[in-house]
Amino acid sequence: MWLAAQYTNVDGCNFTHNTAEFGGALAFDQGNNKILNSKFVENSANTTGGAIYNGQWGNNVILNTTFLRNTARDGGAVYTGTDNGNVIEFFEFLKKCGTF
């Protein structure tokens with residue numbers, strides 16, 4: 001989902017099995033965006049940001065969010081082009097482990 005709004009709030013959402021060139025589930029390129037209490041499961045991007053792609057502008061906050069088995073060439077879960085004050089707190093990155 002490409003989000004070009006100045007302010008976007010995502011709260012309590014599940015993103016599962018999405019695919020895109022970049023930002024498998026969500027892609028931002030501007031604005032001040034918040035992602036709260038959400039889950040990103042098995043999303044993929046061909047290039048960057050398996051779950052979330054953040055381009056060049058904006059301040060993004062990701063809180064209390066889980067990332068599970070998201071894949072991309074760069075930034076398997078989250079890719080950010082610049083550090084313009086992004087905040088990621090209280091998150092959980094999970095990966096499926098093989099058995100021996």
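**Close-ups of a predicted model**

Ring pairs link Phe15, Phe40 and Phe67 into a cluster.

**View 1. Phe15 and Phe40 stack their rings.** A search through the whole structure turns up four aromatic pairs. Take the one made by Phe15 and Phe40: the ring centres sit 4.8 Å apart and the planes meet at 10°, which is under the 30 degrees needed to call a pair stacked, so stacked it is. Phe15 belongs to strand 3 (residues 14–16) and Phe40 to strand 7, so this pair ties together parts that are 25 residues apart in sequence. Are these two residues buried or exposed? Both Phe15 and Phe40 are buried.

**View 2. Phe40 and what it touches.** Phe40 sits in strand 7, which covers residues 39–41. Its relative accessibility is 0%, so it counts as buried. Leaving aside residues up to four places away in sequence, Phe40 touches Phe15, Ala25, Leu26, Ile35, Ala51, Ile52, Thr65, Thr66, Phe67, Leu68 and Asn70. Look for Cys13 as well: 27 residues separate it from Phe40 in sequence, yet the two C-alpha atoms are 8.6 Å apart in space.

**View 3. The largest nonpolar core.** How many residues make up this core? The total is twelve: Val10, Phe15, Ala25, Leu26, Phe28, Ile35, Phe40, Ala51, Ile52, Ile62, Phe67 and Ala77.

**View 4. His17 and Glu42, two residues with positive phi.** Most residues other than glycine have a negative phi. You'll find His17 in the loop between strand 3 and strand 4 (19–20), and at 56% relative accessibility it counts as exposed. Glu42 isn't a glycine either, and its phi is positive at about 55°. Glu42 is in the loop between strand 7 and strand 8 (44–45).

**View 5. Arg69 and Glu42 form a salt bridge.** Side chains of opposite charge can pair when their charged atoms come close. The count for this structure is two salt bridges. In the one between Arg69 and Glu42, the closest N and O atoms are 2.8 Å apart. Arg69 lies in the loop between strand 11 (66–68) and strand 12 (78–80), while Glu42 is in the loop between strand 7 and strand 8, so the bridge ties together parts that are 27 residues apart in sequence. Arg69, at 33% relative accessibility, counts as partly exposed, and Glu42, at 28%, does too.

**View 6. Arg73 and Asp74 form a salt bridge.** Here the closest N and O atoms are 3.7 Å apart. Arg73 is exposed, with a relative accessible area of 60%. Asp74 is partly exposed, with a relative accessible area of 35%.

**View 7. Thr48, a buried loop residue.** Where is Thr48? Look in the loop between strand 8 and strand 9 (52–54). Thr48 has 11% relative accessibility, so it counts as buried. Not counting residues up to four places away in sequence, Thr48 touches Glu21, Phe22, Gly23, Tyr53, Ala72, Asp74 and Tyr79. Asp74 is also the salt-bridge partner of Arg73 from the previous view.

Terms used:
Residues numbered from 1 in each chain as written. Predicted model: local features only at pLDDT ≥ 70, side-chain atom pairs only at ≥ 80, totals over all residues. Heavy atoms only, no water. Helix = DSSP H or I, 4+ residues; strand = E, 2+ residues; numbered from the N terminus. Buried < 20%, exposed > 50% of the residue type's maximum accessible area, 1.4 Å probe, protein only. Contact = heavy atoms within 4.5 Å. Core = buried A, V, L, I, M, F, W, Y, C linked by side-chain atoms within 4.5 Å. Phe/Tyr/Trp six-rings, centres within 6.5 Å; stacked < 30°, edge-to-face > 60°. Salt bridge = Lys/Arg side-chain N within 4 Å of Asp/Glu carboxyl O.
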